[in-house]
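Dear colleague,

I am handing over the structure below, and after it I set out what was found. Please keep it open beside you as you read.

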Amino acid sequence: MKFKNIFKNKSNMTTENTEFDQELDDVTLENNANGEQLIVEELSVEEQLAKDLAHEKDKFLRLFAEFENYKKRTSKERLELFKTANQEVLLAMLPVLDDFDRATVEINKSEDENLKKGVELIHEKLKSTLVSKGLEQVEIQAGDAFNADIAEAITQIPAPSDKLKGKIVDVIEKGYKLGDKIIRYPKVVVGN
């Protein structure tokens, strides 16, 4: 009987072991399932990190491009400022230049060569100084087609000939530009 009891106990143990093994297998499966979930979560976390990294790279590239555009824009503005910094001074000097032009015309009528030469030297020196600062004369003359973008019509008169209709008859005041910007438009008379 003892033997039977032992056998019974053994059989009970086997049943208990089988149940224990089954529980172990269940726990292992749960761990595997959790492990797989962890792996799935890690992949999604990795994907999320990759997505965040791509987003941050995009933000960085956009910010870098914006900064480069800012640098170019400020450099261009600085160059424009340097080019046109003398604009007010040059505008103030234009009436003096006009007076010299008128004086030269009147002095050329006189017979005094020394006076002519002296005024011409001063006139040329003034013009060369203004040109060195960026001042250029707007090239326009009688007979040219009138263009409102580069000249200012102060009056219209009947054209002396058919060839001068819609064209410049006379230039009353010279125009000047500083770089590409016209700082004083030439004043002209247009034939109609």
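Helix α3 runs over residues 113-132, and because its 20 residues should span 28 Å at 1.5 Å a residue, the 28 Å between its end C-alpha atoms agrees with expectation (the expected span is 1.5 Å times one less than the number of residues; helices are DSSP runs of H or I with at least four residues, strands runs of E with at least two, numbered from the N terminus). Buried in α3 are K116, V119, H123, L126 and L130, where buried means under 20% relative accessible area, exposed over 50% and partly exposed in between, with a 1.4 Å probe and protein chains only. They lie on the same side of α3, because they cover an arc of only 105° around the axis, taken from the directions from the helix axis to the C-beta atoms. The face turned away from that side carries the exposed residues E113, N114, K117, L121, K125 and S132. After α3 comes G134, with a positive phi near 105°.

This is a predicted model, in which local features need pLDDT of at least 70 and side-chain atom pairs count only at pLDDT 80 or more, while totals for chains, interfaces and linings use all residues. Residues are numbered from 1 along each chain as its sequence is written, and side-chain values use heavy atoms, with hydrogens and water left out.

Turning to α2, this helix of 22 residues (87-108) reaches 31 Å from its first C-alpha to its last, close to the 32 Å expected. Its buried residues include L90, L94, L97 and D98.

R184, in strand β5 (residues 181-184), is buried, with a relative accessible area of 12%.

Best wishes
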